[in-house]
Amino acid sequence: MEKQFETNPFLIAFEVGAKNGYQNTKPKVTNQFIKSWKYVIWRSEKKKGTCETCKNMDGKLLDIDSITTDLWPAHPNCACKLEKTVAIASGTLTEKGMLGIDNKFIICDDKIRRNILKDANRYKNDCLPYQKGRIYYTIEIEPGGRKYLILSNDGLCFFTLNNFKTIYPVENEEIEAKNRNLNEEKYIEQFQKELSLLEKGNMAPMAYTYIMKNVYDWYLSDDIAERKMIENQIEVFRKTGYKKTGIAFYDNGIKYMPSLPEALLSEEEHFFRNHLNIEYEWSDFEKLNQRLPEGYRWKQMGIMKSIIHQNTAPFWKWNRKYVSFDGYFEAVYSYDNQSLNEETASEDMGTYNYGPSTSGKSLFDMLFAYKEHYLKDMLPYFYKKNTKKDYEDFLNGKGLIP
Ligand SMILES: [Zn+2]
Ligand SMILES: [Zn+2]
């Protein structure tokens with residue numbers, strides 16, 4: 001086939017695209033850098049013991065959707081990390097911008113794109129996302145041999161400003177933000193499965209705590225690489241049958257209490273609940289609660305439900321108590337937003353509930369839930385307090401009134 005484009009094919013494509021309703025602008029690059037929400041970079045440890053698989057992955061740019069648990073972590077105890085990277089906003093790739101056009105359609109028409117790629121130079125780079133059948137092409141977009149677009153036959157788009165020394169993905173900020181919001185809307189939903197396992201006595205409370213701590217950390221993260229690692233860690237944990245996290249604190253807790261206690265609690269079991277709770281500083285807690293979808297936010301309790309958390313509160317400056325959507329976790333903050341915990345105010349701190357304190361739709365459910373919560377959480381608290389130290393003080397006649 002004869003060569004269709006004498007001058008820069010990208011320019012022509014863009015002019016053709018303009019006839020289809022897009023702006024007729026020459027692609028003058030103003031390149032605004034943004035955080036990538038589509039790609040991450042693999043970083044392996046450069047140590048003696050690092051295996052070949054991990055070493056070979058170092059520095060590769062990966063499409064977030066391609067990173068299943070088969071890929072990362074590469075094996076148990078894999079010390080490789082995923083790292084966030086920057087992208088170039090497709091909206092700023094030209095002087096006037098190409099807002100509303102997805103990466104795939106930077107060259108607007110599929111037919112035109114295919115024609116261009118026929119005439120573009122093949123490009124090979126082991127660090128770009130690999131997929132069977134994927135071929136990369138480059139197009140020089142400004143004379144001078146520095147600025148090139150790199151396109152794949154299946155619609156990926158990258159850009160270099162320095163003759164391929166650094167390659168950035170091109171991303172549409174609006175589209176990525178929309179995807180991110182959609183993900184945040186539904187991520188936590190899937191863990192209803194684990195909640196029901198816990199409720200039915202088929203999961204260790206510590207296993208559920210591990211998962212929810214990770215889920216909340218996921219919501220707090222502003223970094224797609226961090227989020228991906230959390231997602232995959234939870235997946236890997238699921239595959240162990242909720243038995244092994246690789247972290248001694250959690251793994252010991254899972255072994256110690258394999259399911260929610262059914263009968264009255266021993267003293268040791270009662271104090272064990274302090275390991276099961278989840279705690280955040282107020283600034284994080286506030287951010288977390290803004291990001292959680294409705295129905296999954298922590299609820300602030302009225303004063304009657306937080307009355308036993310007011311021992312350390314100054315007069316008329318109440319501590320605020322929040323309970324997680326499932327009723328298991330509690331957080332208490334003072335009027336000046338200090339998180340109350342074992343160190344700061346053990347008699348008022350938030351405590352894990354073996355009997356969730358807010359569940360139940362019908363009156364019967366509510367009474368049953370209250371009974372469970374009363375027997376497993378409140379009664380032991382009245383007798384044993386929140387910590388061993390408080391309990392000993394109490395026995396010695398110091399401190400709290402029961
Ligand atoms: Zn390895
Ligand atoms: Zn590794």
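Predicted model: local features only at pLDDT ≥ 70, side-chain atom pairs only at ≥ 80, totals over all residues.
Local features require pLDDT of at least 70 and side-chain atom pairs count only at pLDDT 80 or more, while totals for chains, interfaces and linings use all residues. Residues are numbered from 1 along each chain as written, ligands are numbered from 1 in the order written, and side-chain values use heavy atoms, without hydrogens or water.

The structure holds 30 aromatic pairs, a pair being two rings of Phe, Tyr or Trp (its six-membered ring) with centres within 6.5 Å; planes under 30 degrees apart count as stacked, over 60 as edge-to-face and the rest as tilted. The rings of Tyr123 and Phe164 are stacked because their centres are 4.7 Å apart and their planes lie at 25°. Tyr123 belongs to strand E4 (residues 121-123) and Phe164 to the loop between strands E7 (157-160) and E8 (168-171), so this pair ties together parts 41 residues apart in sequence. Strands (E, at least two residues) and helices (H or I, at least four) are DSSP runs numbered from the N terminus. Tyr123 is buried at 16% relative accessibility, whereas Phe164 is partly exposed at 21% (buried, under 20% relative accessible area; exposed, over 50%; partly exposed, in between; 1.4 Å probe, protein chains only).

The zinc ion (ligand 2) is coordinated by Cys54 (SG), Cys78 (SG) and Cys80 (SG) at 2.2 to 2.3 Å. Donors are N, O and S atoms within 2.8 Å of the metal (3.2 Å for Na, K and Ca); water is not among the atoms, so sites may look incomplete. Cys54 also coordinates the zinc ion (ligand 1), which is 3.6 Å from the zinc ion (ligand 2). Both Cys54 and Cys78 are buried.
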